[in-house]
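Thank you all for coming. Please have a look at the structure on the screen, and then I will walk you slowly through a few of its parts.

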Protein chains: 2
Amino acid sequence: MPTPATQTHRIVRIGLAGLGNVGAGVYKNLAKNAGLLRERTGCLLHVSKVAVRDLSRSRDCEVPEPILTTDWRDLVNDPKIDVIVELIGGTETAFELVSAALHAKKPVVTGNKALLAERGQELFALAEVNRTPIYFEAAVAGGIPIIQTVQEGFVGNHIRSIHGIINGTCNYILTRMRDAGISYQEALDEAQKLGYAEADPTLDVSGWDAAHKAIILASLSYGYWVKPEDVLVEGIQNIHLADMAFADKLGYGIKLLSVIRADAEGRVEVRTQPSLLPKSHILASVGGAYNAVLVNGDIVGETLFYGKGAGQDPTSSSVISDLAEAAATLVFGARHSGFVPHGLYGKGKPIDETVSHYYVRLSVDDKPGVLGKVATLFGDRGIGISSVVQPEDLSADHTHLVLMLDDAPLKVMREAIAAISAFDSVREAPVWLRVETME
Amino acid sequence: MPTPATQTHRIVRIGLAGLGNVGAGVYKNLAKNAGLLRERTGCLLHVSKVAVRDLSRSRDCEVPEPILTTDWRDLVNDPKIDVIVELIGGTETAFELVSAALHAKKPVVTGNKALLAERGQELFALAEVNRTPIYFEAAVAGGIPIIQTVQEGFVGNHIRSIHGIINGTCNYILTRMRDAGISYQEALDEAQKLGYAEADPTLDVSGWDAAHKAIILASLSYGYWVKPEDVLVEGIQNIHLADMAFADKLGYGIKLLSVIRADAEGRVEVRTQPSLLPKSHILASVGGAYNAVLVNGDIVGETLFYGKGAGQDPTSSSVISDLAEAAATLVFGARHSGFVPHGLYGKGKPIDETVSHYYVRLSVDDKPGVLGKVATLFGDRGIGISSVVQPEDLSADHTHLVLMLDDAPLKVMREAIAAISAFDSVREAPVWLRVETME
């Protein structure tokens, strides 16, 4: 049983600026998984103040009135607040807010790619001077921990190249144009209706949102600040169905692709543009609102990271992991290094009770009645048969019987197979394998 | 320019136990990327002693004679050594070695999945008592940073399930059986010849190597120690070509799959066995020596991590990232939190000089000579044409001309397109897109 929080858990107080899509997700998911986070981090992550632009606006989550404020300075100036989460977007107020937090020695968690791509150099210099960290996993590829991977997981690698599909809005629009044969404008309208594109979609469809992310990844990978004016950025506004059709005929798909690549002399190109990709390539099959990043390191080789690249929940997953790291650093000076961080909350399921679909192959006498006997035996045990294949490629007197079975507990399957093995008409030990439907 | 190491960089001295495949990779790659690691970590990672079983054996890397020893105790007892890397394998001596290192307060980096799966509980208790960390990214899925992802990236998520192809040897054998139609034994022989399978392949083909990795992932995900006797493990030794053929006919492939899944009551099943997977599923297309891990978290949703799961270089990438973290914790108390860790070593490449293949679509008058003019113009600028499509679906007097071009620098392409736009026979602004061949 976990010990009560008051006894052993330090409370880490969070000031949350911005309660839009991602902000609301952070608030809700911190509450939903509070117990889990307490056990894993040894800290209570508590949102103690929330800054919003408009108190009267209806929201996606219920926040108690007293902790709301319309002035972000209330978060930075509150001595009880340990960490600031910046999710207001834009580069003006957000810059002021992050600067003020760093001056106040409050670690910052942000998902603001435009801010970091355009003014990161200033902000990280400020972080250095104030010895106060900025965390930004949520800034690139939503829930995929690609920042941590490039910064830490591949720390020993020279990065040869990164190819990424890192804007879900553009990928959704291009996927719909291809699959439904609708125009750019029709696909954009649909994306806006479904909430995959903003009312003003310029930042996404111009390619600049992806370019900001590519600037961050390139700067991390190559250790210098890539300037926005040095990158190539083209949007998807002028992609025609005609070109999709021709590309298709030639064996290609069209994706908004961000490319970061070093040449033999170590010169780095950073660009984002609609590109033709061979249909056989794994990136060509990344559809809809998903993101994928292909990283090629000189030691690790080719690796791929795939997941939802935007949206309330995936992005808040990254914000929360940054909060956990900020909390561990504040409270313990470093992350806990134990294997299972804190508390025990799992329990085993007896393997006998695990349930799967099954594939069964029997070598049987080629006589009437065998299938009936086998089917009855499974039926009596409550196991459904979804299909039967009986090929005719064996000798005259015996044949294979291949059955696909619906869900069955392992214990029941073992008994059924043992019973079938005892049939006179079954010639060899049955072959049986699990079928993972991946539902 | 990076400052000389003597001025600003702490030397972190490494004792390396084991100079087999992965050990040699760690030694070589630490040397190869020493400058990069010094800039990124602020530390000089220096291998100061290496323990091997047999001094006379020929090796994959050149280690100076004086730093070799045949007694691992020399590493643990050397007061100058800061960190121990355990890559000797097995669970007997390795247990002694890791225990002794922890008692001596030396952080341990290990890639030994069998050791952690079977005796992890004891070792991590010892780590806790001695307040000395164990790092083990290399223990699961080679170069893929899946441990860090589960432990940190997804710290805010209840893990719903993990599905993994996490044994490259089995995946190679099964892939070859399917693609070449050879038997299990033939594929195993081939894998051994190519170095993908050991002389004694039992640990791999029995499913136990993958099971050890699944035990580690499950324990991390659910916060309790999964016992080896509670997991289901089946190997691939009895997979027949007949079953591969039937599975194929039914729309499935056969993979050695590790499954970790919690049911509605939070009971966890952990199992590794050959399984049928729908061919359309992304895991079914993971071939050869690659690994892939599909993680489903309650906040982040479905994510996939893919890369080389074994081998000298990929696995040493993970060992080196653990060494970097151990060094940062030893020297700075925590990882550096800056954006670009240390030093500046990249430089931009002018976008005009970036080179790609290109797709070009022209709307032209349907008259003889147009293609010749266009082709001559590209040819004069040194740009090759790899294919031309001229569909016949437009009006009588004009048509599309679609060209696929070989490598061209952006500057040259811009000039060529401007020149073509000026042709009388070209009716609209040319459409031109990059083609990423992903070479």
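If we set aside residues up to four places away in sequence, A:Gly23 touches A:Leu16, A:Gly18 and A:Leu87, and please keep in mind as we go on that this is a predicted model. Is A:Gly23 buried or exposed? Its relative accessibility is 1%, and since buried means under 20%, A:Gly23 counts as buried. As for where A:Gly23 sits, its place is in helix H2 of chain A.

Once neighbours within four places in sequence are left aside, A:Val22 is in contact with A:Leu87, A:Gly311, A:Thr315, A:Ser316 and A:Val319. Turning to the records, an unreviewed UniProt entry lists under "binding site" several residues of chain A, among them A:Gly18, A:Val22 and A:Gly23.

Let me now move to chain B, where six strands form an open sheet with parallel pairing, in the order S3-S2-S1-S4-S5-S6. Which strands stand at the edges? They are S3, residues 68-69, and S6, residues 134-135, of chain B, and each has a single partner strand, so one side of each is left without a neighbour in the sheet. To find a spot along S3(B) by eye, look for B:Leu68, which has B:Val50 standing opposite.

Conventions
Residues numbered from 1 in each chain as written. Chains lettered and ligands numbered in written order. Predicted model: local features only at pLDDT ≥ 70, side-chain atom pairs only at ≥ 80, totals over all residues. Heavy atoms only, no water. Pairing = 2+ DSSP bridges. Helix = DSSP H or I, 4+ residues; strand = E, 2+ residues; numbered from the N terminus. UniProt positions renumbered as here; feature names shortened; annotations may be inferred. Contact = heavy atoms within 4.5 Å. Buried < 20%, exposed > 50% of the residue type's maximum accessible area, 1.4 Å probe, protein only.
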